[in-house]
Amino acid sequence: MDEVILSLRNITKTYPGVKALDNVSLDFRKGEVHALLGENGAGKSTLIKVISGAISPDSGEIIVNGQSHSQFNPHVAKQNGIEVIYQEFNLISSLSAAENISLGEEPGRFVNYKLMNQKAVEIFEQMNISIDPNALIRDLPCSQQQIVEIAKAVSRKARILIMDEPSAPLSVSEVAKMFDIVRKFRADGVTVIYISHRMDEIFEIADRVSVMRDGCYVDTVEISKTSRKELIQLMVGRDLKESYPSHKPHTNEVALEVKNICGKRSYDISFSVFKGEILGVAGLVGAGRTEMARLIYGADKLQSGHIFVNGKAVNIRLPSDAIHAGVGLIPEDRKQQGCFLDMTIAWNMTIANIRKLLKGIVIDRSRERKQAETYTNLLGIKTPSIWQKVKNLSGGNQQKVVLAKTLATHSNVLIFDEPTRGIDVGAKQEIYTLMCDLADKGSGMIMITSDMEELLGMSDRIIVLAEGKLAGTLEKAEFSQSRILELAAGYN
């Protein structure tokens, strides 16, 4: 089906010091899955906001169903059937799944909760997903929150659906179910604009793929006529190998040891992390990986068990105790738990060790600037200024700010929870290299990841969790995807 449903013509958008979109022209066909690729800061997020009417371009034209619009706003977008599932959820945490799905659509003054719940159940059944419509969003895991976001688009009969990193919080089985939903959208004539940094997904689900770089449109290719290598080269403008850097073998010195730790959803877990080691943590969604990390970091209450750092027992009741003990956490949910969006890059990077920047009772601004500039350059954060608010950065650059904040505490033990979620292939390589450099300097690292290639490629050892318990430990020679999945599913 070659009918063009959405056209962008010469779209330009400039922010102070940054040209986010530079004369971009692009066509999307009816009933296709059109992937959008590009490094963080390439302009993808800005383009999404233009299509959804969230921001107005400085110049250019948007053509939907043959009708031209020089002024485009969210109301016009919704009238044309444009719906967006953003990378960061747009849900109200205090409302139920059913209420979020129907939000803004209730006719009259009174809400028919029975009808609302019935509608949600029907949509979930259509999607082959089991979620309690009465469950509050704040009580649902990230994976189910993502499903609720998709259900909202289903309920609103989207004709153009934009999906921004939709698989990031999903397990392998949940991604497969989501792809079934996307294929149904395509079969019904819905145009799906699919944004992901996971190349295997692009090749599985997309019909065509367009590449952006530095705010400019680069090229559009048929997915059947391209390769992973070609797409990466288009994205970064240079040859880049998708490989994992090596680092020195770890020592036998223990950086972190946990003995029989228990929490609300973690049961009797014991393991060690050596200095210079990257310990991978595997498990299905709901296995308790993040919960375990939060226990070690003091974000959740430790009910029993003991934690040792560099051989010494530590009493971690709060994150401040963990930081003082030399334990740092890069959380999975960067916007809610990792950074302060309305504060500057410099403020975010220095807040965790602000005491070291004090001159008497006043912050030494020159030291604050120097530290922020050091980590901005080290991590390659794309920004016109360290005084830029974090909310104005792309998702990947926000993740780098969270990473910088933790690195600035000079922790000896680092816990990375989904460290490359929503980060492009070039930035991934930078973070992998940084992790290996930190390991070479003696840091012990825990890496929680749902990316199997990343898990196998970066880990020195792997522990597998299942239902809140330690299901097994694998040495490098024992690594295999099948064995990890067996342990994760509870088959010892």
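**Questions on a predicted model**

Author: Ser 155 lies in helix α5, which spans residues 142-155, where helices (H or I, at least four residues) and strands (E, at least two) are DSSP runs numbered from the N terminus. This is a predicted model, in which local features need pLDDT of at least 70 and side-chain atom pairs count only at pLDDT 80 or more, while totals for chains, interfaces and linings use all residues. Residues are numbered from 1 along each chain as its sequence is written, and side-chain values use heavy atoms, with hydrogens and water left out.

Reader: Is Ser 155 buried or exposed?

Author: The classes rest on relative accessible area, with buried meaning under 20%, exposed over 50% and partly exposed in between (1.4 Å probe, protein chains only). Because its relative accessible area is 13%, Ser 155 counts as buried.

Reader: Which residue has its backbone oxygen 2.7 Å from a polar atom of the side chain of Ser 155?

Author: A polar contact is a pair of N or O atoms within 3.5 Å; within protein, one must be able to donate a hydrogen and the other to accept it, and residues adjacent in sequence count only if both atoms are side-chain atoms. For the side chain of Ser 155, the backbone oxygen that lies 2.7 Å from a polar atom belongs to Lys 152.

Reader: What is the order of the 4 strands in the open sheet?

Author: Two strands pair if DSSP finds at least two bridges between them. The pairing in this open sheet is antiparallel, and its 4 strands run in the order β2-β1-β4-β5. The edge strands, each of which pairs on one side only, are β2 (18-29) and β5 (67-69).

Reader: Which residue of β4 is the bridge partner of Leu 6?

Author: Strand β1 (residues 4-15) and strand β4 (residues 59-64) are joined in the antiparallel sense over 5 bridges. In β4, Leu 6 has as its bridge partner Val 64.

Reader: What is phi of Asn 10?

Author: Asn 10 has its place in strand β1, and its relative accessible area of 40% makes it partly exposed. Its phi is positive in a residue other than glycine, with a value near 55 degrees.

Reader: Where does Asp 214 lie?

Author: Asp 214 also has a positive phi, of about 55 degrees, although it is not a glycine. With a relative accessible area of 53%, Asp 214 is exposed. Its position is in the loop between β9 (208-213) and β10 (216-222).

Reader: How many residues of strand β19 are buried?

Author: Val 413, Ile 415 and Asp 417 point one way from β19, whereas Leu 414 and Phe 416 point the other way, and all are buried. Strand β19 (residues 413-417) is mostly covered, the buried count being 5 of its 5 residues.

Reader: Which residue of β20 is the bridge partner of Asp 417?

Author: β19 pairs in the parallel sense with strand β16 (residues 327-330) over 4 bridges, and with strand β20 (residues 444-448), also in the parallel sense, over 5 bridges. In β20, the bridge partner of Asp 417 is Ile 448.

Reader: Which side chain is joined to that of Asn 260 by a polar contact of 2.8 Å?

Author: Asn 260 is found in strand β11 (residues 254-262) and counts as partly exposed at 39% relative accessibility. Leaving aside residues up to four places away in sequence, Asn 260 touches Asp 268, Ile 269, Ser 270, Ser 304 and Gly 305. The side chain that makes the 2.8 Å polar contact with Asn 260 is that of Asp 268.

Note on methods. Contact means heavy atoms within 4.5 Å.
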